[in-house]
Amino acid sequence: MIAIVIPYFKFTFFSETLESLANQTNKNFNVYIGDDASNEGCFALLEQYKGKFSFTFKRFEFNLGKSSLVSQWKRCIALTADEEWLMVLGDDDVLSSSYISEFYNCLPEIKEKNCKVVRFASVIIDNNSNQTSSQYVHPKLEKSTDFLFRRFTNKTRSSLSEYIFRRTAYNKHGFHNYNLAWFTDDRAWLEFSEFKNIYSINSAFLSFRLSDENISRANYKIHEKELLRLKFFKFIISNHLNKFTRVQQRHFLLYFEQLVYRHKEVGFHFWLFVFASFLKQFYFIQSIKFTRRVFIQLRRND
């Protein structure tokens, strides 16, 4: 069975999220709603959905998401029982009516391929629930490393709500506690999948809401997000660069280099880290070119 976990805080679009659960053609799931001490109570709304699907509601008296969104996810997941599969659904996102049904239709093949992460197609919607993007679809089986590369070369998008993952993978790795949960899900799909295949379902989709209240919105904590981007790619390069193809390795190294230049954090430790990373992947000429670029950048900064 699937546990659908909703870390609740915003009321504005919550009725649409609940309605999409009530409209599922397959109701073989349990919903767990963790209210993060919201000022916008949802109890009266939930009363309207009693009997339409199985749900458990708990109000937390301390607002944890303000300081650590990932910690709020974790305490909501802790509400679940022993369901084999988990999903963290945003309180403003919407599932197509066959979402759960299509998961179960594909489950035999998911198990046959030993996939621990399942991804659905997605579209972006706005404040008025109007679709603002084409539908993003994916290869049925795709290495998580290839997906990350596609994502960060702007060939696709990704958000937490469009994934279902095995509890065993979550128990083993957990969600890394990046601030704003920025890049937490990207890291999770790599680790949960053991850097192997993600299984994609394109016959159902998630509507991801990009609204004025969403942390993914433009111009929200841009500097903080960029520093987290720097931290995430340093983690990838330090720990997992060898899991990517040669082309992808080179791209990530050059991308990280540009991130550092942008934040004017050029120094000996940066040079040594990237220089060693180039050498480790046998990019001898690139390591020399990189050193030259660093000297040029230092002169510019002076």
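These legends cover close-up views of a cavity and a helix crossing in a predicted model. Residues are numbered from 1 along each chain as its sequence is written. Local features need pLDDT of at least 70, side-chain atom pairs count only at pLDDT 80 or more, totals for chains, interfaces and linings use all residues, and side-chain values use heavy atoms, without hydrogens and water.

**View 1. The largest cavity.** A search of the whole structure finds 1 cavity of 30 Å³ or more. A cavity is a set of points, on a 1 Å grid over the protein atoms alone, where a 1.4 Å probe fits but cannot get out. The volume is about 40 Å³, taken as the space filled by probe spheres set on the points.

**View 2. The cavity lining.** S144, F147, L148, D186, W189 and L190 line the largest cavity; lining residues have an atom within 4 Å of a point. α5 (144-152) and α7 (184-192) each supply at least two of the lining residues. Helices are DSSP runs (H or I, at least four residues), numbered from the N terminus. By class, the lining has 4 nonpolar, 1 polar and 1 charged residues.

**View 3. α5 crossing α9.** The axes of α5 and α9 (residues 246-262) come within 11 Å and cross at roughly 45°. Axes are lines fitted to C-alpha atoms over the stretch in contact, with angles from 0 to 180 degrees between N-to-C directions.

**View 4. The α5–α9 contact.** T145, D146, L148, F149 and F152 of α5 meet Q248, H251 and F252 of α9, with contact meaning heavy atoms within 4.5 Å. These residues divide into 4 nonpolar, 3 polar and 1 charged.

Conventions: On a 1 Å grid over the protein atoms alone, a cavity is a set of points where a 1.4 Å probe fits but cannot get out, and a pocket is an open set with protein on both sides within 12 Å along at least five of seven lines; lining residues have an atom within 4 Å of a point. Ala, Val, Leu, Ile, Met, Phe, Trp, Tyr, Cys and Pro count as nonpolar, Asp, Glu, Lys and Arg as charged, and the others, Gly among them, as polar.
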